[in-house]
Amino acid sequence: MNANAISARRIINLFRFEFSIHRKFYEMGILGIFFIITGLFVLIFFANRYTTTFGQSQFTLLFYVELLFLVFFGVGFSFVDLRTKRSSLVYLSMPGLATEKYFVQFFTRVLMFPVLFTVMYILSISVSKNLFRMSDFTTTDVGTSSVLLVIDNLDIWEMLVPFYYYWNKSAMAYFFLFGIAGLFISLMFSGGIIFGKWNSLLMPLVFISFCGLIACTPVVLSWIVVGIPEDPSKIFTPQIHFRQPKFFENTPLLLFVFTVLAWVAMVFFYWITYLKLKEREV
Amino acid sequence: MIVSVKDLNFSYRKRPMLFEGLQWSVPEGSVVGLLGKNGAGKSTLLHLLSGLLFPKSGTINLGQHIPKDRRPAFLEEIFFLADDAAYPGNMSIGEYQKLMGAFYPAFDSSQFDQILSDFGLEKKVKLNELSLGERKKVFLSFGLSTNCRFLLFDEPTNGLDIPSKSVFRKVVAGNLKDEQTLIISTHLVADVEKLIDRVAILNAGKIQLDADLLELSDHLLFGNSSSLPDDGLYAEKFGTGYQFIRSRKEQEAQTPISLELLFNAVLNKSLSSNSIFQTQNAEVL
């Protein structure tokens, strides 16, 4: 057997290493997510107990807001073993291909975390609803008004693919949105190896700067092509109509360009992460 | 030669060159003492040999492996015992062995148990309950049990108490196989004196001396005298007299090598591989 080929045995060993060395991180993370979300929903239900409904849209909105936090503090914690010289030494010396080490990190941070989070989120909603219902008796016993809040049943598919239900846009708009979201995830993943412990702070700043750059592009292009307006109130208003020319159906060229850029950048940052791992010295 | 370093250039970023055209080779099965002053680059050289640092130019080969590639076939054959490696404190020695031993195909658990008991340690103890010296013993035991072809120990006796240093020598000598090559970097010369069969002295970015200890004792005579010897290659004050190194004549009995004196002689540029073996080379030629 070629020892330098990808090996399932080594990948399993690397998974064992990951889960054993960072056991506290996983235990605290999973239990922490469960208790925080459950507590949050119980608080929300109580705060809204005299209103009429708590619906699917709120569940969906909170799911994505919390998923964003997960990207910050879950995906952003990739390659934790490369944060210090002492742990890097152990990690890089461990027999395994850079590809195998990369796969383990990608699987746990980018694939496993969101799935685990979704499961925890669904469980938390169920537990918090039951807790809230149980507390109904307590509130009525002490003579206060009875609870009026009706909580919708969670529709998991609607939560996972809300765009399909709420947002009827062109395919390119979906590609753009997923491209930007995917780029943010890939940036946070690569940030673990680029910025180390400062990743959760620095990479979002980089991302915001990138988005700012995209947002400013039409304005700066207007300044270059048309000139800077004399009226100060119009200085940040694009003078060029970027809705034309249209590319595909209902797709402005600029949106198409940004979409392609976002997808290319997403792949590029995953590739950069691999190279950084391979070329890491300690 | 199982370890071969050719024209190695290396420097840390924004720092002067540490190694310039460094040449070094180690025969298979050697136990080499890599000696050098603080900051001479001993640990850096071990990092380069283990693929944790990359040369700026030049080549390094360990067997057929190029360390820089960090291929699994190489990583499975090398164990680097660093002075300051991280460890999972909440794990017991037994758990650590199971977790890390799985990465090394030739890892021998019974050998690990034996070495551990030689050091007087129990597997159920957690790593963060051990002292620095005890942890060193665990990692030494682990390193030897991996049965890797290349063992690189960086300051292995740091933190060991005096009785443990003696056990260390016995354990290392008793667990090395003929095909294993061990490089020990240390500034505690006396700790490895009875263990190594080869010495390499690193100074000013070069290997100033690289010699087999048997050859050295063939060529050099180490002694003490009350006055400064006339024919000494190197001498230094020792108490009321002098310690010296001079060329050994054929009929003279061999003397034990004083690594410390040899080290000082090389650093003072009184000795080098060329000056020691000049006569022999001339004869060969």
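Helix 10 of chain A comprises 26 residues, numbered 253-278. The model is a predicted one, and the values discussed here are computed from it. Several residues of helix 10 of chain A are buried, including Leu254(A), Phe258(A), Ala262(A), Ala265(A) and Met266(A). Thr259(A), Tyr270(A), Thr273(A), Tyr274(A) and Leu277(A) are also among the buried residues of this helix. An α-helix has 3.6 residues a turn, so residues three or four places apart point the same way.

That helical spacing also bears on a charged pair elsewhere in chain A. The side chains of Glu27(A) and Arg23(A) meet in a salt bridge, with a distance of 3.8 Å from N to O. Because these two residues are 4 residues apart in helix 2 (residues 23-47) of chain A, about one helical turn separates them. Glu27(A) is partly exposed, its relative accessible area being 43%. Arg23(A) likewise counts as partly exposed, at 41% relative accessibility.

Helix 5 of chain B has 14 residues, which at 1.5 Å a residue should span 20 Å; the end C-alpha atoms are 20 Å apart, and so the two values agree. How much of helix 5 of chain B is covered? The helix is mostly covered, with 12 of its 14 residues buried. Among the buried residues are Val138(B), Phe139(B), Leu140(B), Phe142(B) and Leu144(B), but also the charged residues Arg135(B), Lys136(B) and Lys137(B). Against which elements do the buried residues of this helix pack? Their partners in chain B are strand 5 (78-81), helix 3, helix 4 (109-118), strand 6 and helix 6.

Just after helix 5 of chain B, Asn147(B) takes a positive phi of about 55°, although Asn147(B) is not a glycine. This residue lies in the loop between helix 5 (132-145) and strand 6 (150-154) of chain B. Asn147(B) is buried, because its relative accessible area of 18% is under the 20% limit. Asp7(B) is another residue that is not a glycine and yet has a positive phi, in this case of about 50°. Asp7(B) is found in strand 1 (residues 3-10) of chain B. With a relative accessibility of 43%, Asp7(B) counts as partly exposed.

Salt bridges form a further theme: over all chains, the structure holds 14 of them. Side chains of opposite charge can pair when their charged atoms come close. In chain B, Lys124(B) forms a salt bridge with Glu122(B), and the closest N and O atoms are 3.4 Å apart. Lys124(B) counts as exposed at 66% relative accessibility, whereas Glu122(B) is partly exposed at 47%. Lys165(B) forms a salt bridge with Asp191(B), the closest N and O atoms being 3.3 Å apart. This pair links distant parts of the chain, with Lys165(B) in helix 6 (residues 162-175) of chain B and Asp191(B) in helix 7 (residues 189-192) of chain B, 26 residues apart. Both Lys165(B) and Asp191(B) are buried.

The remaining topic is the interface between the chains. The contact takes 27 residues from chain B and 27 residues from chain A. The area buried between chain B and chain A is about 2600 Å², and carbon and sulfur atoms give 58% of this area. In chain B, Leu52(B), Pro72(B) and Phe103(B) lose the most area to chain A, together 23% of what that side buries.

Between chain B and chain A, 13 residue pairs are in polar contact. Helix 2 (72-75) and helix 3 (93-101) of chain B each supply at least two residues of the side that touches chain A. By class, this side of chain B has 19 nonpolar, 2 polar and 6 charged residues. How many salt bridges does the rule find across the interface of chain B and chain A? The rule finds 2. Glu76(B) forms a salt bridge with Arg9(A), the closest N and O atoms being 3.1 Å apart. Both residues belong to a network of salt bridges that links Arg9(A), Arg10(A), Glu100(A) and Glu76(B).

Notes. Residues numbered from 1 in each chain as written. Chains lettered and ligands numbered in written order. Predicted model: local features only at pLDDT ≥ 70, side-chain atom pairs only at ≥ 80, totals over all residues. Heavy atoms only, no water. Contact = heavy atoms within 4.5 Å. Buried area = accessible area lost by both parts, 1.4 Å probe. Salt bridge = Lys/Arg side-chain N within 4 Å of Asp/Glu carboxyl O. Polar contact = N/O pair within 3.5 Å; in protein donor to acceptor, adjacent residues only side chain to side chain. Expected span 1.5 Å × (residues − 1). Buried < 20%, exposed > 50% of the residue type's maximum accessible area, 1.4 Å probe, protein only.
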